[in-house]
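Colleague: Hi! Could you walk me through this one while I have it open?

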Amino acid sequence: MAKLLLRNGRVVDPAAGHDAVADLLVEDGMIAGYGPHADVVGAEEFDAAGMVVAPGFIDMHVHLREPGFEHSETIESGSRAAAAGGFTSICCMPNTHPVNDSVTVTSYIVERARHNAVVNVYPIGAITRKSAGEELAAIGSMKRAGIVAISDDGRPVMNARVMRRAMEMARSFDLPVIDHCEDLHLSAGGDMHEGLTSLKLGLRGIPACSEDVMVARDILLAEVTGARFHAAHISSRHSIAMVKQAKALGLPVTAEVCPHHFALSDEDMPPYDSNFKMKPPLRDRSDTGAAVEGVLSGAIDAIATDHAPHPGSEKMQEFERCPFGILGLETAIALALETFVHTGRLPMSKLVEKFTTAPARILRLPRGTLAKGAPADITIFDLDRPWTYDVNRSFSKSRNSPFHGRTFRGGPVATIVNGRFAWRKDKEL
Amino acid sequence: MAKGLLGIEDLERAEIEAILARAKDFQPLQNRSNKRLDLLRGRMIVNLFFEASTRTRTSFEIAAKRLGADAVSITASGSSVAKGESLVDTLNTLAAMKPDAIVMRHAASGAPHFLSRHLPAPIVNAGDGTHEHPTQALLDALTILDHRQSLEGLRVAIIGDIVHSRVARSNIYLLSKFGAGIVLCGPASLLPPKMDRLAPGARITYDMREAIENADVIMMLRVQLERQNESPFPASEYYPFYGLQVEHLHLAKPDVLVMHPGPINRGREIASDVADSQRSVILNQVENGIAVRMAVLERIMN
């Protein structure tokens, strides 16, 4: 395979504590190394001057909708959106149709991804059969077939005893348990965060405590079982505080936050605009502040998008009838730069960690590093170029983004997966 | 009014005053033998009622007809809506019929806002879910002003299922803009904290007697505990603690006005003798509904 030389980029490799301008060489789909001046003959060159060259970003929380909901997204279209958003690996949640609760479905996804995806796709298996919250799924067998975690995302296990058993299974197979923390009794009927805005709009609320009580439950169960509990898309200040406390106690607890939860609050929603409807909902300003603070303090390990495509026909109805979820892959890096880097809150390598080494560590993926011999997954982005997100040009099959028309500073420039360009801005049509 | 009337929250005080002044012009018309004006002759108004409502729909129909407009009413049952047609498709169909205005009631909060983003015709919100019911607040204000010089400084108690009430929200916004003192009262499950932050001048009490003390106006809301999936408050506890009874009236100002948006549940939120008492202006509210809706329709179509 040909050689690829990325010239003069700012190589940020958190695993090695490296943040300096260097040339990075890729050979045979692997990282061959980086250093101040590479003297290479016969390599394809890419001028990365002024850009950040980072390990390939990993999004540990996406919905690819295949099998079953291919009108919303497919493994192919979702993977293209991922590549355009700077992600080289994505982990897809099991709420497909059928639910990914068996080796058959896991293998189907792995196989489809091998043929159609332009980035690495790692399936996440269901905790319970059909994610119905009752009988445990074939967790061990699914791990053999390729799952990297278990979750009943969107249909959280309400029975604490079932969750305890699931965690014991996960412990046996060394898989993290990713929970969408929501007490469905407390949130029932809710359409947005319960607060002044929901009262004004006359929309039923999803109280922050519906998230908090489940985070508390899962932390306690993680302590009892010794399983690794990962709190998905954490959004409330109390939940974040509890995760922080659990970590201080040395419990095997990790958490992710979505860009929309640190970039937007419930007040930012134009009245009844369903492109701002997701679960957990946009919360209030103090929660948004806690999400930012959680990323800075390390209470929050990773940034994940919860990319959740829905076709226009489903989002074009009464707010209360619209499904939950928004696109996220193509705007995540720009939102993270806006919130953490342009404001000087976080050094670049710390931010890159949230997208690379952190998810790789949680999921035990052999990626997220630029170490010699690692698979050549590389994300290249710039910092100052102004650009405007046009969701109508998205690679996703859906158009449900609250960030349509927003102007950003800096974003993805090129995405390399296993040594090949999966997407590059300068070759876009 | 740029386009239609979706709510009171975003209306300027001057705009409200103009509507109320015009409604006052229309009031005497109700007692004439020829009640018809030709201000909107040849215009077509579609009344789109996705939720049952005899009185509001009739009131809008009469208002439209008295202005000389052609009014067509479509109710959800018996229409394609009941056959599962989506809101977007219904509206596309309507848009093709080129109405000059649409009056809309819908069980979902924000449904008229959603439609107004996609339709050229002005939309009058005749009640959306638990959000707003602007013409109700306007007719309530007109009714109060039939008996008081101004709204400023009045003490208005709004009692009942506040959280699910579009009437309460619109009234809170309107009364606040005119400097009234608003006391919200109901059980905590129907009156969450922060409700008093909807607009300046509002406060919360869970004690009915405190709410009524020195009140100039008592607005009772309809309770529909039996219609909710789960009961936020036991129905049997409601009337003894939050139902308006004759002995309450002594706590209020002697000339207190008792109001209710209707239809009333006698013996559930209001005692029968209170509803029929001299202090009740419930039927005046109904009468004023027509004048106010005439003023609104005229304003949005001219």
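Colleague: Which domains is chain A divided into?

Modeller: Chain A splits into domain 1 (3–53 + 375–427) and domain 2 (56–363). Bear in mind that this is a predicted model.

Colleague: Thanks. How many Å separate the centres of domain 1 of chain A and domain 2 of chain A?

Modeller: The separation is 25 Å, taken over C-alpha atoms. The contact takes 31 residues from domain 1 of chain A and 42 residues from domain 2 of chain A.

Colleague: Which strands supply the side of domain 1 of chain A that touches domain 2 of chain A?

Modeller: At least two residues each come from β15 (378–381), β17 (407–409), β18 (412–417) and β19 (420–424) of chain A. By residue class, that side of domain 1 of chain A has 17 nonpolar, 9 polar and 5 charged.

Colleague: Nice. Now the open sheet of 4 strands in chain A: what order are they in?

Modeller: The order is β9-β12-β13-β14 (chain A), and the pairing is parallel. At the edges are β9 (177–179) and β14 (302–303) of chain A, each of which pairs on one side only.

Colleague: And how many bridges are there between β12 and β13 of chain A?

Modeller: There are 3 bridges between strand β12 (residues 229–231) and strand β13 (residues 253–257) of chain A, in the parallel sense. For a specific pair to click on, A:F229 has A:V253 in β13(A) as its bridge partner.

Colleague: Which strands does helix α7 of chain A lie across?

Modeller: Helix α7 (residues 208–225) of chain A lies across β9, β12 and β13 of chain A, and it runs at about 165° to β12(A).

Colleague: Why does A:V103 count as partly exposed?

Modeller: A:V103 has 18 C-beta neighbours inside 10 Å, so it counts as partly exposed; being buried takes 20 or more.

Colleague: What is A:V103 in contact with, leaving aside neighbours within four places in sequence?

Modeller: Its contacts are A:A138, A:S141, A:M142 and A:A145. The C-alpha atoms of A:V103 and A:K143 are separated by 8.5 Å, with the two residues 40 residues apart along the chain.

Colleague: Let's move to the other chain. How many residues do chain A and chain B bring to their contact?

Modeller: Chain A gives 14 residues and chain B gives 19 residues. The chain A side consists of 8 nonpolar, 3 polar and 3 charged residues.

Colleague: How many helices and strands are there in chain B?

Modeller: Chain B has 11 helices and 9 strands. Of its 302 residues, 49% count as buried. The C-alpha trace of chain B spans about 55 × 45 × 35 Å along its principal axes.

Colleague: How does the radius of gyration of chain B fit a compact globule?

Modeller: It agrees: a compact globule with 302 residues would have a value near 19 Å, and chain B has 19 Å.

Colleague: And what order do the strands of the open sheet in chain B take?

Modeller: Its 5 strands follow the order β7-β6-β5-β8-β9 (chain B), with parallel pairing. The edge strands are β7 (202–205) and β9 (257–259) of chain B, and the twist averages 20° from one strand to the next.

Colleague: Which helix packs on that sheet?

Modeller: Helix α5 (residues 134–147) of chain B does, touching β8 (217–220) and β9 of chain B. The direction of helix α5 makes about 160° with that of β9(B).

Technical notes: Residues are numbered from 1 along each chain as its sequence is written. Chains are lettered from A and ligands numbered from 1 in the order in which they are written. This is a predicted model: local features need pLDDT of at least 70, side-chain atom pairs count only at pLDDT 80 or more; totals for chains, interfaces and linings use all residues. Two residues are in contact if their C-beta atoms, placed from the backbone, lie within 7 Å. Ala, Val, Leu, Ile, Met, Phe, Trp, Tyr, Cys and Pro count as nonpolar, Asp, Glu, Lys and Arg as charged, and the others, Gly among them, as polar. Domain bounds come from an automatic or database domain assignment. Two strands pair if DSSP finds at least two bridges between them. Axes are lines fitted to C-alpha atoms, for helices over the stretch in contact, and angles run from 0 to 180 degrees between N-to-C directions. The radius of gyration is taken over C-alpha atoms; the globule rule is 2.2 Å times the number of residues to the power 0.38. A residue is buried if 20 or more other C-beta atoms lie within 10 Å of its own, exposed if 12 or fewer, and partly exposed in between; C-beta atoms are placed from the backbone.
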